Amino acid sequence: MKFCKKYQEYMQGQEKKLPGVGFKKLKKILKNCRREFQSKNDVHGVLHNQTCPQHCPVCDGTFFPSLLKEMSDIVGCFNGRAQKLLELHLASGFRKYFIWFKGKLQGSHVALIQEGKDLVNYALINAVAIRKILKKYDKVHFSKQGQAFKSQAQSMHIEILQSPWLCELMAFHINLRETKVKSGMTPASFEGCYLTFNDGKPFLSCELFDSVKLDIDLTCSICLDTVFDPVSLTCGHIFCYMCACSAASVSIVNGLKAAEPKEKCPLCREAGVYEGFVHLDELSILLRRSCSEYWEQRLQMERAERVRQAKEHWESQCRAFVGV
């Protein structure tokens, strides 16, 4: 079965109508563009294997704007639903019942797990759909504009595989699976997600549709160690919370929200990425369980550093108060 048909069947089979990639519509645009371009070549007696013009009215005016909106809608839908699901899962006591009462998510614990599986599948199949339609674009036009568009989408934070909530959902399913195995229950979580180690370095891995594999490196590029108390910046890069604070030139007391908009990501050098950071709580639970000895050592080091920074902060506040 062709992927386009498989994708259409998947989207039509969803209980709720979800935003997706207009595969048929985009392929039709590409077909019309190729037909129009080839007819112009026939008139001028040139070969057909030339690239699409730099300012193709069909591509610039229809294809990319349509795909851009669809990608934005997909990421917005996925992030919103994943955030609500994980908020409910991590909540405890009265807060959990309050969230249920507000109706943010309906159903039992089993329904919660199924919702998580559905969201991971939704993210992965749409990621493959976007990759395939851009590959089709480049094939039709003998160009690399599709890949350039993908880079643009990443800089706009609408690439679904960049979403910190996908990382969190993957960790969520691994945590559930390990908990159920230890308790002797049959795992009902998504089976395609794994925590793997390559030369001692941890990776969050997931098998995508169409035999594509996603690997998320869990090594902090600042301290060059396994991320501790991990956070994801809006650009999608993951760091230890303390390392991110250091990179943003803020103290742990003030936190990342106090970072100046001009501060840049240490990896991609994009500015303004600290304000919308996401604390990766499920990933933190997973790494604490899987790297317990390392986690305990790092915890002791972080506690000492937090106490030191807190002491310096309050001493400076006291000096400022008395005018010293």
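Arg81 and Glu115 are both buried. Their side chains form a salt bridge in this predicted model, with the closest N and O atoms 2.9 Å apart. Because Arg81 lies in helix 3 and Glu115 in helix 5, the pair ties together parts that are 34 residues apart in sequence. The count of salt bridges comes to seven.

**Other salt bridges**
- Lys25 and Glu70 meet through their side chains in a salt bridge of 3.2 Å, N to O.
- This pair links distant parts of the chain, with Lys25 in helix 2 (residues 23-44) and Glu70 in helix 3 (residues 57-90), 45 residues apart.
- Lys25 counts as partly exposed because its relative accessibility is 43%, whereas Glu70, at 10%, counts as buried.
- A salt bridge also joins Arg298 and Glu302, whose closest N and O atoms are 3.4 Å apart.
- Both residues of the Arg298 and Glu302 pair are buried, and both lie in helix 10 (residues 292-322), four residues apart, about one turn of the helix.
- Salt bridges link Glu305, Arg308 and Glu312 in a network.

- Lys135 is located in helix 5 and counts as exposed, since its relative accessibility of 55% is over the 50% cut-off.

- Gly146, Phe149 and Ala153 are buried in helix 6 (residues 145-155).
- These residues lie on the same side of helix 6 because they cover an arc of only 55 degrees around the axis.

How values were computed:
Residues numbered from 1 in each chain as written. Predicted model: local features only at pLDDT ≥ 70, side-chain atom pairs only at ≥ 80, totals over all residues. Heavy atoms only, no water. Helix = DSSP H or I, 4+ residues; strand = E, 2+ residues; numbered from the N terminus. Buried < 20%, exposed > 50% of the residue type's maximum accessible area, 1.4 Å probe, protein only. Arc of directions from axis to C-beta. Salt bridge = Lys/Arg side-chain N within 4 Å of Asp/Glu carboxyl O.
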